[in-house]
Amino acid sequence: MQFNQIGKVVNNFDQSTDPLQIKNKTSKIVIDPSYLEGFLNINECEYLDVVFYFHQLEGENTSLSGKTRSGAERGVFASRSPHRPNLIGVTTVKLLEINGNELIVEGLDALNDSPILDIKCCDTSIFSDCMDNHPMHLSILKSEPRIEIQNLIDNDQTELLMIKAAQIHGHYCPGLAMGVMAAVYAMRQMKVVSDGMEDLLAITETNNCFSDGIQFVTGCSFGNNALIYKDLGKTAFTLSRRDGKGIRICSKHTSGEVIMNVFPEFKEYYRKVVAEQNHDPQMVATYRKLALERAFGTLNIPFDDLFTIQDVKIKIPAYASIRESVVCSICHESVMKTRTLEKHGQVLCYNCSGEYYMMLDGNGIHPNNG
């Protein structure tokens, strides 16, 4: 096996010392310019795994066991001892800054001039998997599927809620952030929980990014019949109990300007990358970093700067009816009887009948005939 050195460590620690002392100071990782392409979008990785070589231990005899810092006797594979068969070290660091071919990091315990062998985005998925699959945790979620979300709402943890909401939305943006903010505010003010049984209803007036934040936080969705859509084109929603008493939250017409003023640098990069289609890798990487900062930063803007709040009393529709299903005479697929037509003695679904039906897409609700 052969390894190529891709860079080196630069810090003030030339001799072996307490690893914690090194970790508490920032270090610089200088990468050979020929590997600079590997930095593409690295600014999106807040934590990195750095693989390096213990160059000062070359030629030393290595033992496969010894005492750890706590005094326990352990084998080398059960410890983080630098005295290893292949003298390879791995440390998770926090990325603080990027300057050309240099990374400024915190938490690295490598000595000055240590050869860098590789850098990877930190992967913590196994920890989440262990927690998610713990029998006790699963038993709680089976009885209360939204308990984690409700705990985050109760503690006003909007950042964690947005991270989870993005798992269905697909990306981070101020619209999603505003949806999370509005939904959390309404849920906390009304002191309600969602069980997906139509006793809590969310009425959204838009089908943009804002709505995904509303659906995730409130637990009101099209599937459980607790989400009502009004095709009004307003970034607004109402949260209501079954008695019709609720809160309507609407974005102020100045909200976009407020967000833009808080993140002025984003506008310039948006113009270059999106409007002018400048796809220079460094330009795109900076744009994506600023977009991420803008999305999460929106959560910290004072609520009253973005929204108006109004107590409302609205008319609530009856609980969703249980519809009889029939089989289309042409495609032989099961379909709600209320979504069929009779032609020449046959029961036909809207698709097979050739008749128009209503469809919701990015342009709102409109007729469609397939």
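In the predicted model, Leu161 touches Ile149, Leu152, Ile153, Val180, Val184 and Phe216, with residues up to four places away in sequence left out of this list. Leu161 belongs to the largest nonpolar core, which comprises 51 residues. Together with Met162, Val217, Phe237, Leu239, Ile249 and Phe307, Leu161 is among the residues that touch the most other members of this core. Helix H6, spanning residues 174-190, supplies the largest share of the core, namely 11 residues. In soluble globular proteins, nonpolar side chains tend to be buried together.

Charged side chains were examined next. The structure holds 11 salt bridges. In one of them, the side chains of Lys8 and Asp113 meet with an N to O distance of 3.8 Å. Lys8 lies in strand S1 (residues 7-10), whereas Asp113 lies in the loop between strand S7 (102-106) and strand S8 (115-121), so the pair ties together parts that are 105 residues apart in sequence. Both partners are partly exposed: the relative accessible area is 35% for Lys8 and 39% for Asp113.

A network of salt bridges links Glu268, Arg271, Lys272 and Glu276. Within it, the closest N and O atoms of Lys272 and Glu268 are 3.6 Å apart. These two residues both lie in helix H9 (residues 264-275), four residues apart, or about one turn of the helix. Between Glu276 and Arg271, the corresponding distance is 2.2 Å. Lys272 is partly exposed, at 24% relative accessible area, as are Glu268 at 33%, Arg271 at 34% and Glu276 at 46%.

Conventions: Residues numbered from 1 in each chain as written. Predicted model: local features only at pLDDT ≥ 70, side-chain atom pairs only at ≥ 80, totals over all residues. Heavy atoms only, no water. Core = buried A, V, L, I, M, F, W, Y, C linked by side-chain atoms within 4.5 Å. Buried < 20%, exposed > 50% of the residue type's maximum accessible area, 1.4 Å probe, protein only. Contact = heavy atoms within 4.5 Å. Salt bridge = Lys/Arg side-chain N within 4 Å of Asp/Glu carboxyl O.
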